Amino acid sequence: MKYRLTNFLFILIFSAFIGTNTLFGQTSKLNIHGYLTQAYAFSDGHQLFGISHEGTSDYRTLAIQFRYDMDEQNNLIIQFSHERTGKSPLMVYQPDVALDWGYFEHRFTDVFFIKVGKIQLPYGIYNEIRDVGVLIPFYRLPFSPYGEGNYMSETVDGFSLTYFWEKWEPSEIEINFYAGHWQWKEWFQFKNPFTGQTLLRTGIAEIQPATGLQFRLNTPLEGLRLSFGAQYGKVSGGVTFTKGGWVGECDIHDFYGSLDFEQNHFYFRAEGLQLWFHGTNIGARAYYFQSGLKWNDKLSLNGQIDLLDALNTPVSEEFQSLVGAPSVSLDYNNDYAIGINYRLTPELVLKAETHWNSGYLIEDEPVIPIIQDPVKTRYHIFSISTSF
Amino acid sequence: MRRTLLTTLLFILVMWNFAGSQTASPGYKVIVNEENPVSEISVKELSKIFLKRIRKWDNGEKILPVDLEESSPARESFSREVHQKKVSAIKAYWQKQIFTGRGVPPPEKDSPREVLQYIEEHEGAIGYIPENVSIENFKVKVIRVKAED
């Protein structure tokens, strides 16, 4: 009851701000913005990403951002969010209202600035806008490589430095360096093929120290942007990374690259990530392709192929007789999607999408990845997104 | 017959040219506070100012760009001529800037009169109004827009 009241109050405050942001016109030091995406989703078979066969409308992201410009060079930015993902097991870690990010920004010059606090990771094309429905073609970003809080952090607690290099206009290079600490949420469930025992495990792993570097290049070719980045950290805790755990405490590093091409009526985006756990041969490869046609300013058709491979997943001794190897590589998640968007205004978008999924991420029954074929599921999401 | 054909062709060419010149016509003029020493600006600088990529005048004064509301024909012309993009694309740019915490768009005014008043009240302000709107009785001036730096 308490949570419902909190929800209600938050949504009420959010609604009150819609349309009133002119009160805080941009000449004011305080600016307030927000967004909301509300969805109804159902699956044809298994439960996946919190979407059950019965369907759920407990599926939304909502955020409100306060930006205070102290003076020309100093800003304070805070964003709170409310997120629901139906029956997802990771909901246990999702408070009703969360601090998305909050940081102080100092601009040394127009092209060089520092942020200190809880900062959104400058990671790939989408991470910084991952929940802003009016800016992304599907309800959520591709699971690979953006995760859904699972083995992926959206923010860093620490600092970031950003520099825009404009020497070769119209090309421009944006360089981001960040360091601090972040967390991964972990979730998996597993069925012992001998005993039939089911294990459901959730946990939070710590990555500290953690650091990363990203280059984002606006090329001279109109609409073409490229980015490359790498991250490094020491991971411990959670389910998998405790001492003596499945992987154990270790160093991690990853490399990723993005290509984003957009012209008037067409866009194509592709991103890839390769992750390794240091001192082991365990890793993951995540990549996606996304493309769309804009019929006009309002109507667009979108397609997406989203793939995640788990590399050299260790097999415990008791199961090695079943697979005949100490490790296996798995097609952990393959998701193919098509969708249609109708943009009523720049700030109001309707989306309908269907996904064909094959993998081991289903949530309503345990799977045995090492000996079982990937499980196939189809799910559908209808959503409305707005921002102000 | 040949004369009719030539006349028709000429008419089409004239109309084509006329239509072209109509499309190319900016349909707006760029204005600043009359105290502002700037008398001309390049299209590239103008675009960067309205995208807040340039934030200060040469004299160190803060630049305060001001837009017309999104359905205004002058805004459409300005966006197409200066940013080489539709207003909707610029709106998307600002949504991205807002939600990555990088900045907020210039204020939008509902009428040219409000733009004129804003610029009169703020020394560092810059805006645009439809070409046929008079600036008489306002302490503002029109500046020239150069195609290149």
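Two strands count as paired if DSSP finds at least two bridges between them. Keep that idea in hand as we look at this predicted model, where Lys234(A) has Asp251(A) of strand S10(A) as its bridge partner.

**Paired strands in chain A**

- Strand S9 (residues 224-237) and strand S10 (residues 250-262) of chain A run antiparallel and are joined by twelve bridges.
- One example to find in the structure is Lys234(A), whose bridge partner in S10(A) is Asp251(A).
- S10(A) also pairs with strand S11 (residues 266-277) of chain A, again in the antiparallel sense, this time over eleven bridges.
- Here you can look for Tyr256(A), which has Leu273(A) as its bridge partner in S11(A).
- To get from S10(A) to S11(A), the chain passes through a hairpin of three residues.

**A serine in a loop of chain A**

- Ser52(A) sits in the loop that lies between strand S1 (30-43) and strand S2 (56-69) of chain A.
- Is Ser52(A) buried or exposed? With a relative accessible area of 2%, Ser52(A) is buried, because buried means under 20%.
- Leaving aside residues up to four places away in sequence, Ser52(A) touches Phe42(A), Ser43(A), Gln47(A) and Lys87(A).

**How chain B is built**

- Chain B contains five helices and seven strands, and from the N terminus on its elements run α-β-β-α-β-β-α-α-β-α-β-β.
- Of the 149 residues in chain B, 42% are buried.
- Take the contacts in chain B between residues at least 6 apart in sequence: 69% of them join residues at least 24 apart.

**Two helices that cross in chain B**

- Helix H2 (residues 43-50) and helix H3 (residues 73-83) of chain B have axes that come within 9 Å and cross at roughly 120°.
- H2(B) and H3(B) are therefore oblique to each other.
- On the H2(B) side, the contact is made by Val43(B), Leu46(B), Ser47(B) and Phe50(B), while H3(B) supplies Phe78(B), Glu81(B), Val82(B) and His83(B).
- Sorted by class, the residues of this contact are five nonpolar, two polar and one charged.

**Where the chains meet**

- In the contact between the chains, 26 residues of chain B meet 36 residues of chain A.
- Together the two chains bury about 2,600 Å², with 47% of that on carbon and sulfur atoms.
- Which residues of chain B lose the most area to chain A? They are Gln95(B), Phe99(B) and Arg102(B), together making up 29% of what that side buries.

Notes: Residues numbered from 1 in each chain as written. Chains lettered and ligands numbered in written order. Predicted model: local features only at pLDDT ≥ 70, side-chain atom pairs only at ≥ 80, totals over all residues. Heavy atoms only, no water. Axes fitted to C-alpha atoms, helices over the stretch in contact; angles between N-to-C directions. Helix = DSSP H or I, 4+ residues; strand = E, 2+ residues; numbered from the N terminus. Parallel < 35°, antiparallel > 145°, perpendicular 65-115°, else oblique. Contact = heavy atoms within 4.5 Å. Nonpolar A, V, L, I, M, F, W, Y, C, P; charged D, E, K, R; others polar. Buried < 20%, exposed > 50% of the residue type's maximum accessible area, 1.4 Å probe, protein only. Buried area = accessible area lost by both parts, 1.4 Å probe.
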